[in-house]
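Open the model in your viewer and keep the selection tool at hand. The tour below goes from one stop to the next and says what to select each time.

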Amino acid sequence: MKKALKTYRHVLIISDHVHRERAKCKQRELQNRDRFVQLKVISQLGDGTVEALLSEQPIGSALILCGEGALETERVAVSLGYARNDIYIETQQQMRAFCSQCHHITSLVTHERFVCENCRNQLEPSEHYSSYHRAHLAYPVFIESDD
Amino acid sequence: MSSKVEFPFPFTSDHYEYTNNSSPLIPARTVTVSSNYVEEVRLKRKLLEENHERCYRSLPISLESQWETLLLVFRELATYEPEHFSFKRRGNTYVFTNHLLQEEETFVYRDHSSIDFEPLDLVGRHVQEDLIVMGDRHDGLFLEAGQLCFPSNWSLTFVLGMEFKTIHTPVPAIAEFIEKVERFITRIRPNTAWERKNWSITISHKLDTPLETYSDWGKLRYHVTKENAGELVNLRVEVQRLFRLPVTNDILFSIHTYLLPLNELVANDDWLKKFYTNVKTLPQELADYKGISLYKPELLGFLEKALKRRKIER
Ligand code: HEM
Ligand SMILES: [Zn+2]
């Protein structure tokens, strides 16, 4: 399972120009938590220009990829020794999910069922969106055999 | 008064549809004191005590309307239920007396240091209703404060700060209807009140069914049988009122929730028949939304047996 990004001391973000603002935002967010975050903006992910940069990173650092071609870069990183769980691909549709049971907000890459980081309930994100919390409501998933 | 006599039976026709079933209320009241007053107010306070964050939320922008609501509701109680409440002013100081609970609240209007809770949180501890303040801003109606102990599967924290239309997103096929409702609300005149009823079903006699504890009470929905439905299943009716606050121009939305076990409901032939036809003709997506689909066959089976016993034609 993927860890929360804030648990990494060292993070490398690689972004294309289109996703630069989003990548910067992510960088600031993590820097505010005192993480070391390097941001590299290139014209196109997956063009093979980042190998050197990738191999310089300390072991156990996280890699965030923002932009088209992220999967190609992920493959390169894995071939250089990165664990898939340390690689985070930011797609346009990333979602903040508001736990209806404990009110904790979890960032989701996919919109599928997930487990709340805080209360461990199984949740299902919904279309119900709050522009106040900037998050989608996530409902508990009912397991019928529960008693 | 017995709880059955005062139960606000919601069905007027024999099928269910979205209608703006609001009607003007004269006199313009926001709260009702029912025979369960003491018991329900105690339960509200217990829930507030134990889960304040879940049951009370406000934005600072709501404070003026909260004070207005406090005065309004205390005045209303003293005016219409003088045997139970009184409200007096001595100089700058107001004194509200609740004779049912033998309590007194003393405060200076708009002086926050004179009360222990926020104004809405204080006045809400003297009524059975949940109270919501909807700020009427130029770009919509926003939920800016609420004391909510008895919600029907929704979260006050989540909807805090949200606009009226988006609050209703989870309700199936409601978008067009709810826009009309919003236009209706924005036209409500100061000092006037409108009332409507909303219904759903609760399994067990439980008023506090917030989304936050769904995993506890929601599982009871799997336990309904034709045999136990009379006891376990309750028709839940919310009497909702909309009142335009004359000073701030915001809307006070009050919700008084009533529960009636089916065993009591089926003793009234007219209620039994109307309830049966409404449940039977309820569109699938609404039955899903209201959580009825899980036990609808058992529920209908119970009602059909009751109809047969009482020799009522379906
Ligand atoms: C102005 C204050 C109001 C507030 C704060 C409010 C809030 C809500 C909330 C939180 C829900 C539950 C949504 C969910 O499942 O998450 C709901 C349901 C609903 N509301 Fe409102 N509402 C208001 C007024 C109205 C009015 C005036 C009408 C109609 C004239 C209305 C019609 C409905 C309907 C039809 C449902 C679905 C209920 C059911 O089928 O059980 N609401 N409302
Ligand atoms: Zn949670």
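The model you are looking at is predicted.

**Stop 1: a peptide bond in chain B**

Select B:Ile26 together with B:Pro27. The peptide bond that joins B:Ile26 and B:Pro27 is cis, with omega at about 0°. Most peptide bonds are trans, and most residues other than glycine have a negative phi.

**Stop 2: chain A as a whole**

Now colour chain A by secondary structure. Chain A has three helices and nine strands. Followed from the N terminus, the order of elements is β-α-β-α-β-α-β-β-β-β-β-β. A box of roughly 55 × 30 × 30 Å along the principal axes is filled by the C-alpha atoms of chain A.

**Stop 3: the zinc site**

Select ligand 2, a zinc ion, and show the side chains around it. Which atoms coordinate the zinc ion? They are the SG atoms of A:Cys99, A:Cys102, A:Cys116 and A:Cys119, at 2.3 Å. Along the chain these donors follow the spacing C-x2-C-x13-C-x2-C. Two of them link distant parts of the chain: A:Cys102 is in the loop between strand E5 (95-99) and strand E6 (105-108) of chain A, while A:Cys116 is in the loop between strand E7 (114-115) and strand E8 (122-130), 14 residues apart.

A:His103 is not a glycine, yet its phi is positive, near 75°.

**Stop 4: the iron atom**

Go to ligand 1 and pick its iron atom. The only protein donor of this iron atom is NE2 of B:His168, at 2.0 Å. B:His168 belongs to the loop between helix H7 (164-167) and helix H8 (175-186) of chain B. Select B:Ala173 next, which is placed in the loop between H7 and H8 of chain B. B:Ala173 has a positive phi of about 50°, although it is not a glycine.

**Stop 5: two helices in chain B**

Finally, select residues 269-281 (helix H12) and 296-309 (helix H14) of chain B. Their axes come within 10 Å and cross at roughly 150°. Angles over 145 degrees count as roughly antiparallel, so H12(B) is roughly antiparallel to H14(B). The crossing of H12(B) and H14(B) is left-handed. Residues making the contact include B:Leu272, B:Phe275 and B:Val279 of H12(B), and B:Leu299, B:Leu303 and B:Glu304 of H14(B). The contact residues of H12(B) and H14(B) divide into nine nonpolar, no polar and four charged.

How values were computed: Residues numbered from 1 in each chain as written. Chains lettered and ligands numbered in written order. Predicted model: local features only at pLDDT ≥ 70, side-chain atom pairs only at ≥ 80, totals over all residues. Heavy atoms only, no water. Axes fitted to C-alpha atoms, helices over the stretch in contact; angles between N-to-C directions. Helix = DSSP H or I, 4+ residues; strand = E, 2+ residues; numbered from the N terminus. Parallel < 35°, antiparallel > 145°, perpendicular 65-115°, else oblique. Left-handed = near helix turned anticlockwise from the far one by under 90°. Contact = heavy atoms within 4.5 Å. Nonpolar A, V, L, I, M, F, W, Y, C, P; charged D, E, K, R; others polar. Donors = N, O, S within 2.8 Å, 3.2 Å for Na, K, Ca; no water.
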